[in-house]
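Please keep the sequence and the structure in view while reading.

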Amino acid sequence: NQEPERSVLYIVGTPIGNLNDVSKRALNILNNVSMIACEDTRKTSALLNYYKITNKLISFHEYSSLSKANFLISKLKEGSSIALVSDAGMPLISDPGFLLVKEAKKNNIDVICIPGPCAALAALISSGLDSSRFLFYGFLPREGKERVLLIKNINKSRITSIVYESPKRIIKLLLELKNECGGLREIVVVKELTKKYEKHFGGNINDALMNIKKSEPKGEFTLVISGNKKEDDT
């Protein structure tokens with residue numbers, strides 16, 4: 001096993017559901033860095049405990065990111081090696097890690113990515129929709145003009161769009177997409193990715209809406225929406 005280098009920020013991908021989806025390289029880094037910066041220490045502790053790893057954890061989330069970023073940068077300058085992880089999947093994808101990476105780059109600190117699972121890519125690859133080009137939106141704003149504009153952009157886009165949504169708001173989002181894109185727009189909605197109860201709702205927006213309404217929505221959803229083929233004809 002290669003020891004982590006001093007004064008390096010490691011961006012480490014962790015499982016999005018199935019704890020076996022983590023690389024040996026990632027486990028080595030998590031085991032040997034000076035400390036691990038994570039969104040929720042309880043969730044990261046569950047992963048570390050599963051692999052019998054003990055290391056120092058420090059919380060790093062959107063509400064503390066600025067002050068904690070300054071602290072972590074100072075530790076990196078002193079020679080510490082730090083691993084940044086999210087609650088699940090690749091850091092910086094719909095989480096506040098971007099600020100820390102930006103500050104590290106400003107301070108000429110090396111940033112190395114240890115690749116791992118990503119819900120957006122896992123859903124895209126298994127969707128059967130065009131994966132040659134795509135737009136990733138993450139979580140849309142819950143309301144307001146920006147949300148309306150982004151949904152309009154999804155409708156007009158000629159390439160595949162990927163969106164995250166919570167179980168509480170999945171029906172609302174599908175209804176909005178139906179209103180803007182039409183019920184026949186191709187879509188694949190995936191929940192519980194990599195977990196025992198992973199489920200794919202496919203076909204078109206009408207089908208996905210009907211089937212999700214029949215079940216009690218649980219777990220985070222990833223929506224893969226086909227490009228607007230009508231736009232290609234103009």
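Lys43 and Asp87 form a salt bridge, with their closest N and O atoms 3.9 Å apart; the term denotes a side-chain nitrogen of Lys or Arg within 4 Å of a carboxyl oxygen of Asp or Glu. Lys43 belongs to helix α2 (residues 41-50), whereas Asp87 lies in the loop between β4 (82-85) and α4 (97-106), so the pair ties together parts that are 44 residues apart in sequence. Helices (H or I, at least four residues) and strands (E, at least two) are DSSP runs, numbered from the N terminus.

Lys43 is partly exposed, at a relative accessible area of 48%, and Asp87 is partly exposed as well, at 29%. Buried means under 20% relative accessible area, exposed over 50%, and partly exposed in between, with a 1.4 Å probe and protein chains only.

## Basis of the description

The model is predicted: local features need pLDDT of at least 70, side-chain atom pairs count only at pLDDT 80 or more, and totals for chains, interfaces and linings use all residues. Residues are numbered from 1 along each chain as its sequence is written, and side-chain values use heavy atoms, with hydrogens and water left out.

## Further salt bridges

The whole structure contains nine salt bridges. One of them joins Glu103 to Lys106, where the closest N and O atoms are 3.5 Å apart. These two residues are three positions apart in helix α4, so about one helical turn separates them. Lys106 is exposed, with a relative accessible area of 56%.

Another salt bridge brings together the side chains of Glu165 and Arg169, at 3.5 Å from N to O. Glu165 is buried, at a relative accessible area of 3%.

## Cysteines without a disulfide

How many disulfides does a search of the whole structure find? The search finds zero, a disulfide being a pair of cysteine sulfur atoms within 2.5 Å. For Cys38, the closest cysteine sulfur is that of Cys113, and because 17 Å lies between the two sulfurs, they are too far apart for a bond. Cys118 is likewise in no disulfide, its nearest cysteine sulfur, that of Cys113, being 11 Å away.

Cys38 counts as buried, at 0% relative accessibility. Cys118 also counts as buried, at 13%.

## The five-stranded sheet

An open sheet of five strands has the order β6-β7-β10-β8-β9, with mixed pairing; two strands pair if DSSP finds at least two bridges between them. At the edges stand β6 (134-139) and β9 (199-201), each with a single partner strand, so one side of each has no neighbour in the sheet.

Strands β6 and β7 run parallel and are joined by five bridges; Leu135 stands opposite Ser161 in β7. Five bridges also join β7 to β10, but this pair runs antiparallel, and the bridge partner of Tyr164 in β10 is Thr222. Strand β8 (residues 187-191) is antiparallel to β9, with three bridges between them, and Val189 faces Phe201 in β9.

## The covered strand β7

Is β7 mostly covered or mostly open? The strand is mostly covered, as six of its six residues are buried. On one side these are Thr160, Ile162 and Tyr164, and on the other Ser161, Val163 and Glu165.
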